[in-house]
Amino acid sequence: MADDAFFALRSRAYDLADTGRYKSWAEIAQALNAEGSVPALVTRLASDAQSVMMITRCCTQARA
């Protein structure tokens, strides 16, 4: 069950990145926390270097 919540959070992070409003993972993490996401899941996602890199890349591409 916790994995489902984690994958939903990761999906939401990608959705936010695709909007073009954010420049980096740090801004996405702040937005997720402001939305009331479980802090432990945001921290878990932050520790996944590959996901952070891809989310940041999505931010860059969406802003281009």
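**Close-up views of a predicted helical model**

**View 1. Packing of helix α2 against helix α3.** In this predicted model, helix α2 (residues 25–34) packs with helix α3 (residues 39–46) at an angle of about 165 degrees, and their axes lie 10 Å apart. Because angles over 145 degrees count as roughly antiparallel, α2 is described as roughly antiparallel to α3. The crossing in which α2 passes α3 is right-handed. From α2, the residues that make the contact are Trp25, Ala29, Leu32 and Asn33, while α3 contributes Pro39, Val42, Leu45 and Ala46. By residue class, this contact of α2 with α3 comprises seven nonpolar residues, one polar residue and no charged residue.

**View 2. The largest nonpolar core.** The largest nonpolar core of the model holds 18 residues, and those with the most contacts inside it are Ala13, Trp25, Ile28, Leu32, Leu45 and Ile55. Two or more residues of this core come from each of the elements α1 (2–17), α2, α3 and α4 (49–63). In soluble globular proteins, nonpolar side chains tend to be buried together.

**View 3. Surroundings of Ile55.** Ile55, which is one of the core residues with the most contacts inside the core, is in contact with Ala13, Tyr14, Ala17, Trp25, Ile28 and Leu45 when its neighbours within four places in sequence are left aside.

View 4. Not counting residues up to four places away in sequence, Ile28 touches Ala13, Leu16, Ala17, Tyr22, Ile55 and Cys59. Asp15 lies 13 residues from Ile28 along the chain, and the C-alpha atoms of these two residues are separated by 9.8 Å.

View 5. Ser51 is found in helix α4 and counts as buried, because its relative accessibility is 7%. With its neighbours within four places in sequence set aside, Ser51 is in contact with Arg10, Tyr14 and Leu45. Between Ser51 and Tyr14, which are 37 residues apart along the chain, the separation of the C-alpha atoms is 9.4 Å.

View 6. Ala62 lies in helix α4 and is partly exposed, with a relative accessible area of 32%. The residues that Ala62 touches, not counting those up to four places away in sequence, are Ala17, Asp18, Thr19 and Gly20. Although Ala62 and Asp18 are 44 residues apart in sequence, they are 5.4 Å apart in space, C-alpha to C-alpha.

Definitions and conventions:
Residues numbered from 1 in each chain as written. Predicted model: local features only at pLDDT ≥ 70, side-chain atom pairs only at ≥ 80, totals over all residues. Heavy atoms only, no water. Axes fitted to C-alpha atoms, helices over the stretch in contact; angles between N-to-C directions. Helix = DSSP H or I, 4+ residues; strand = E, 2+ residues; numbered from the N terminus. Parallel < 35°, antiparallel > 145°, perpendicular 65-115°, else oblique. Left-handed = near helix turned anticlockwise from the far one by under 90°. Contact = heavy atoms within 4.5 Å. Nonpolar A, V, L, I, M, F, W, Y, C, P; charged D, E, K, R; others polar. Core = buried A, V, L, I, M, F, W, Y, C linked by side-chain atoms within 4.5 Å. Buried < 20%, exposed > 50% of the residue type's maximum accessible area, 1.4 Å probe, protein only.
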